Amino acid sequence: MAEQMNFFEDARSLPLAARLRPRTLDEFAGQKHLLGEGKVLRRIIESDTVGSMIFWGPPGVGKTTLARIIAGRTRAKFIDFSAVTSGIKEIKQVMEQAEKNRRFGEKTILFVDEIHRFNKAQQDAFLPFVEKGSIILIGATTENPSFEVNGALLSRCKVFVLQALKTEELVALLKHALGDERGFGGQRIEIADELLEAVAAFANGDARSALSTLEMAVLNGDVGADGKITVTRETIEGITSKKSLLYDKTGEEHYNLISALHKSMRNSDPDAAVYWLARMLEAGEDPLYIARRVTRFASEDVGLADPRALEIAVAAYQACHFIGMPECTVHLTQAVVYMAMAPKSNALYVAYGRAKKDALEQLAEPVPLVIRNAPTKLMKELDYGKGYQYAHDARDKLTDMQCLPDSLLGREYYTPTEEGVEAKVKARLAEIKRWKKEHGAK
């Protein structure tokens, strides 16, 4: 009895994330693209046909946990190996043992956590044993294996990309932690759903971070006379040091902040723009959401006044996608400051609005025959494409061909400004219109 009590106490002393580590694939949170029913990685694990592979993904998404689930299911000898504490000497010792196991018909699965920390010489020490089948190598890394794992070793491994957990997946995990006996199932804890969502958003896709934050919140909660623990907004703010964390990402404050960012950039105020950016990011906002809004701004409010703005915005989105928070804050700052300092033009936004109005009011307006495609004999007989002028064959690369419907002849949607590069666009458009007028274009 005393031994059982000691075991229980030892288990309770572990961090919440360790106590709740999934024991089976059904308990595993996220990665449905790999572990859903019938998906490739699930089939491999369940059939115990694991080959050499690398799990690549951000921290806290289950790379090590997956390896341990494999260890619990496989008939092979499983060796857990750390790239942080092991050198070539330890590698060779393990390889020698694996070779002995192979001679006796036993497979050896070697799990290497943080494999990207091994240098080329250390990685090369694995290669001959992987090639002849002495070991099945499973590596885990947060870095792109294309750059961090040597090519010969990488070519013998299947790479599985693990994704950051979605907010709803993390919320489900937190609720599980509150109810599971390995977590807080034996305690009376009161925490609002909106606070669980805030903790999940703060974790930024990292299950370990979400569970650690929840554990701190419970330990610092208000204990009532009846023993019930209440976790308040102030509790969460205190342990995260982020007072603005709890703004409703789907409510009014969310839209107030993105509006403030957009209008600060439009008003060419880089200081205000960076402040509102920081307010959103430090509140746990998805950086990709902000990057999408900045991309919209690049065309809506800058447009052809500075065509590079769109390139900068898209590059910032890609950078956020590649490396995530907190590293991508600087990329978003670069994009936001660039937008604030760029010359401004809403000519593209206005042009589409004007065209949209006509398109909606005249939906049945036919395409002029001259610019219709004629892939069939019947269409050619009906004069589709008759008289079409190929601009590249013209001396000035311009023709007098009519491209708008008759009812919209002379309609102008795009009116360029004099701002930045768009001043050159305006001059070019004026030249085109002058040429067409001189050549009798309608």
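## Sheet and salt bridges

K228 is partly exposed, its relative accessible area being 25%; this class lies between buried (under 20%) and exposed (over 50%), for a 1.4 Å probe and protein chains only. The model is predicted, so local features need pLDDT of at least 70 and side-chain atom pairs pLDDT 80 or more, while totals for chains, interfaces and linings use all residues. Residues are numbered from 1 along each chain as its sequence is written, and side-chain values use heavy atoms, without hydrogens and water.

A mixed open sheet has three strands in the order β6-β8-β7. Its edge strands, β6 (189-191) and β7 (222-223), each pair on one side only. Strands are DSSP runs of E with at least two residues, and helices are runs of H or I with at least four, numbered from the N terminus; pairing requires at least two DSSP bridges. Strand β8 (residues 229-231) runs parallel to β6, joined to it by three bridges, and I191 stands opposite V231 in β8.

The structure holds 23 salt bridges, each a side-chain nitrogen of Lys or Arg within 4 Å of a carboxyl oxygen of Asp or Glu. Three of them are tabulated.

| Pair | Closest N and O atoms |
|---|---|
| D226, R188 | 3.5 Å |
| K228, E190 | 2.9 Å |

E190 is partly exposed at 40% relative accessibility. E361 and K357 both lie in helix α19 (residues 347-361), four residues apart.
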